[in-house]
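Biologist: I would like to go through some of the labels used for this model. For each, please set the value against the cut-off.

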Amino acid sequence: MQVLLAGATGAIGRPLIRALTAHGHAVTAIVRNPANHGLVRELGAEPVTADVLDREGLLRALDGVHADAVIHQATALRDAKPQRRIPADDPTGLLRTVGSAHLLEAAELVGARRFLTQSLILGYGYRDHGTVPLTERDTFGVYDGGVADEVVRACVSAEEQAFAAGLEAIALRYGLFYGPGAFSDLFGDMMRKRQPVGPRGEGGVNSWLHVEDAAAATVAALERGVAGRAYNLADDTPITWGEFFRLVRHSKQAPRPIRLPLWLVRLGVPYIAALMGDTSMRISSELAHAELGWQPRYSSVAEGLTAG
C-alpha cells in the first residue's frame, strides 16, 4: 500500500517506517520540522512538511498526494512537562482530538480507504482494574473526575472520530511504550541526572510494549485488521512500576533512582501519582493474536531491555 504516516519521527514512527517498507509498503511521512527530512529519507520514507494541527496547511501540503491508508501516530510526548493538571489544550491531547479531525479530512483528500489511529490502554481509565485481564469487550473511556480524565477523553475522541468517518478504521490500544525514545530511555536519563522518577513502593501493575513490537503490530493491523475493531496490544508480562524501574536501572547501569513518598508526588504532580500509584491493569491481547497473527517479539520488559 501507499501509506501516509503522521508522527514519523517519534518513538514508534521510526521503527514503523522501517517495518512498513520491509513489508513492501511505500511511506509518505508528514514532518513538521524540515530539518528531519534527511532522517525520514534515511529511514525509507518520503517527507511532506506540514503541521497536523494546521488544517489548511496540512491539506495544502497534501494536495496531489495519493495514499491507500493513513496512520495517525502523532504525539507531543517528548515536549511534555510535569504539571499539576493536564489541560484541555495539552499538545498530545490536541493531536488526538483536533489532529484526528484534520487527518480524517486528509484521508479523504488523498483517497485513503483505511485509517489507523493510535490509542492507549490508559483509555480504559486510571484506576485499579483488578487481576482479570482487560479485553476489548470491557468499557473503554471510564472517567473518575480526576486529573487524568483529559488523557482518557482524548483517546476516546480519537477512536470515536475514526469509527464515525466511514473508512476502514482501526484503533490501536497500545501498552505503555519502552525501548529507544520511550519510557525506558526517559527514566534512564532521569536516573543519571539524579531526578526523581516517581513514588516509592511497587506502585500499580501495567502492561508494556516494546516500540519495535508496536511497529510490527501496526503493520499487521494495516494488512489484516478488521475494520471497526479496536485491538489491545501489549506484551505477555504485566509488571509493577517498581519492577520497571529496577529493570531500567540494570539495563542502563544507572544510579539508584530517587523516589518520593506517594503523598508528595500526589501534591506536586497528581497525574504521575494517578498513573503510577492508582492505576493497575493487566491487558489481554488475545484478539490481536487471533485476528492479526501478531505475537510480541519480546514477551516481557526484562527480555526487551536485555535484547536492547
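Biologist: Where does Ser300 lie?

Modeller: This is a predicted model. In it, Ser300 sits in the loop between α11 (286-292) and α12 (301-307).

Biologist: Why is Ser300 called buried?

Modeller: Its relative accessible area is 13%, and buried means under 20%. Ser300 therefore counts as buried.

Biologist: Which residues does Ser300 touch, not counting residues up to four places away in sequence?

Modeller: Ser300 touches Tyr178, Asp235 and Thr237.

Biologist: What makes Glu105 partly exposed?

Modeller: Glu105 has a relative accessibility of 31%. Buried would need a value under 20% and exposed one over 50%, so Glu105 falls in between and is partly exposed. The residue belongs to helix α4 (residues 91-110).

Biologist: Which residues is Glu105 in contact with, leaving aside neighbours within four places in sequence?

Modeller: Arg55 and Leu59. As for Leu58, 47 residues apart from Glu105 along the chain, the C-alpha atoms of the two are separated by 9.6 Å.

Biologist: Turning to helix packing, how do the axes of α1 and α7 cross?

Modeller: The axes of α1 (residues 13-22) and α7 (residues 211-224) come within 8 Å and cross at roughly 45 degrees.

Biologist: How many residues does the largest nonpolar core have, and which have the most contacts inside it?

Modeller: The core has 74 residues, and those with the most contacts inside it are Tyr126, Phe177, Leu233, Trp241, Phe244 and Tyr271. Helix α7 gives the most to this core, with eight residues. A second, separate core has 23 residues, including Val52, Leu62, Leu95 and Leu103.

Biologist: What does Tyr271 touch, not counting residues up to four places away in sequence?

Modeller: Ile86, Leu122, Tyr126, Val147, Ala148 and Val151. Tyr271 is one of the buried residues of helix α10 (residues 270-278), along with Pro270, Ala273, Ala274, Leu275 and Met276.

Biologist: Which elements do the buried residues of α10 pack against?

Modeller: They pack against α5 (149-164), α6 (183-192), β8 (196-199), β9 (205-206), α8 (241-252) and α9 (262-268).

Definitions and conventions: Residues numbered from 1 in each chain as written. Predicted model: local features only at pLDDT ≥ 70, side-chain atom pairs only at ≥ 80, totals over all residues. Heavy atoms only, no water. Axes fitted to C-alpha atoms, helices over the stretch in contact; angles between N-to-C directions. Helix = DSSP H or I, 4+ residues; strand = E, 2+ residues; numbered from the N terminus. Core = buried A, V, L, I, M, F, W, Y, C linked by side-chain atoms within 4.5 Å. Buried < 20%, exposed > 50% of the residue type's maximum accessible area, 1.4 Å probe, protein only. Contact = heavy atoms within 4.5 Å.
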